[in-house]
Amino acid sequence: MKNNIKVREQIWQCVSEISDSQLNKVVEEGQWSIAQVLEHLYLIEKLAVEGIQEALASSEANPVKLRRIHLAADRSHKVQAPEMLRPSAEYQTLKQLKNKLDNSRETLLKCIEGVSVETLDEKSMPHPVYGALSLSQWISFIGYHEQRHLGQIEDIKELLVL
């Protein structure tokens, strides 16, 4: 979780000086705005939490092999987000997005509070790119995924007239 916390802090630092209008500006046709990237991060974490809660509620253990999830941070390989994880074009404020992401993070932390590493390692759920991941790897994936999109946010920010 340390990496997840660190990356989230970096995201908030990166967007702290951006106006809501800049946050919602699409700088290249067919690309997401920073607001849409943030909403995508929220959608991923929310979906992951739902899956983790379901897996933890099951008595079934389903250990899986470790995957190279750190590669999620590598932006040289494009990945198309599944439809359910694509953000809307709705105008959102930084405050709204921060509330969403803070709530999804709080829900994740509550969900895994008191759960042993062994349990997180022996239970798994599917991932659209990596196949089945242990819950531990899913939690780590969230941080690597946010790291990937932090780079995207930084690229978009460079194209904005600040």
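Q: How many residues apart are Trp138 and Phe141 in helix 6, and what separates them in helical turns?
A: Trp138 and Phe141 are three residues apart in helix 6, so about one helical turn separates them. Helices here are DSSP runs of H or I with at least four residues, strands are runs of E with at least two, and both are numbered from the N terminus. This is a predicted model, where local features need pLDDT of at least 70 and side-chain atom pairs count only at pLDDT 80 or more, while totals for chains, interfaces and linings use all residues. Residues are numbered from 1 along each chain as its sequence is written, and side-chain values use heavy atoms, with hydrogens and water left out.

Q: How many aromatic pairs are there?
A: Two. The rule takes rings of Phe, Tyr and Trp (its six-membered ring) with centres within 6.5 Å; planes under 30 degrees apart are stacked, over 60 edge-to-face, and the rest tilted. Tyr130 and Phe141 are edge-to-face, at 6.1 Å centre to centre with 70 degrees between the planes. That pair links distant parts of the chain, with Tyr130 in the loop between strand 1 (124–127) and strand 2 (131–134) and Phe141 in helix 6, 11 residues apart. Trp138 and Phe141 are also an edge-to-face pair, with 5.6 Å between centres and 80 degrees between planes. The ring pairs link Tyr130, Trp138 and Phe141 into a cluster.

Q: Is Trp138 buried or exposed?
A: Trp138 is buried, at 4% relative accessible area. Buried means under 20%, exposed over 50%, and partly exposed in between, using a 1.4 Å probe and protein chains only. Phe141 is buried too, at 5%.

Q: Switching topic: which residues of helix 1 are buried?
A: Asn4, Val7, Arg8, Ile11, Trp12, Cys14 and Val15. Down the axis of helix 1 they fall within an arc of 160 degrees, so they line one face; the arc is taken over directions from the helix axis to the C-beta atoms. The face turned away from the buried side carries exposed Lys2 and Gln13.

Q: What covers the buried residues of helix 1?
A: The cover includes helix 3 (34–57), helix 4 (94–112) and helix 6 (135–159), with contact meaning heavy atoms within 4.5 Å.

Q: How many residues of helix 3 are buried?
A: 17 of its 24, so helix 3 is largely enclosed by the rest of the structure. Helix 3 reaches 35 Å from its first C-alpha to its last, close to the 34 Å expected, where the expected span is 1.5 Å times one less than the number of residues.

Q: And how many residues does the largest nonpolar core have?
A: It has 41, and those with the most contacts inside it are Ile11, Leu23, Ile34, Leu38, Ile52 and Ile153. Such a core is a set of buried Ala, Val, Leu, Ile, Met, Phe, Trp, Tyr and Cys residues joined through side-chain atoms within 4.5 Å. Helix 3 gives the largest share, 12 residues.

Q: What does Ile52 touch?
A: Leaving out residues up to four places away in sequence, Ile52 touches Leu108, Cys111, Ile112, Met125, Leu135 and Ile139.
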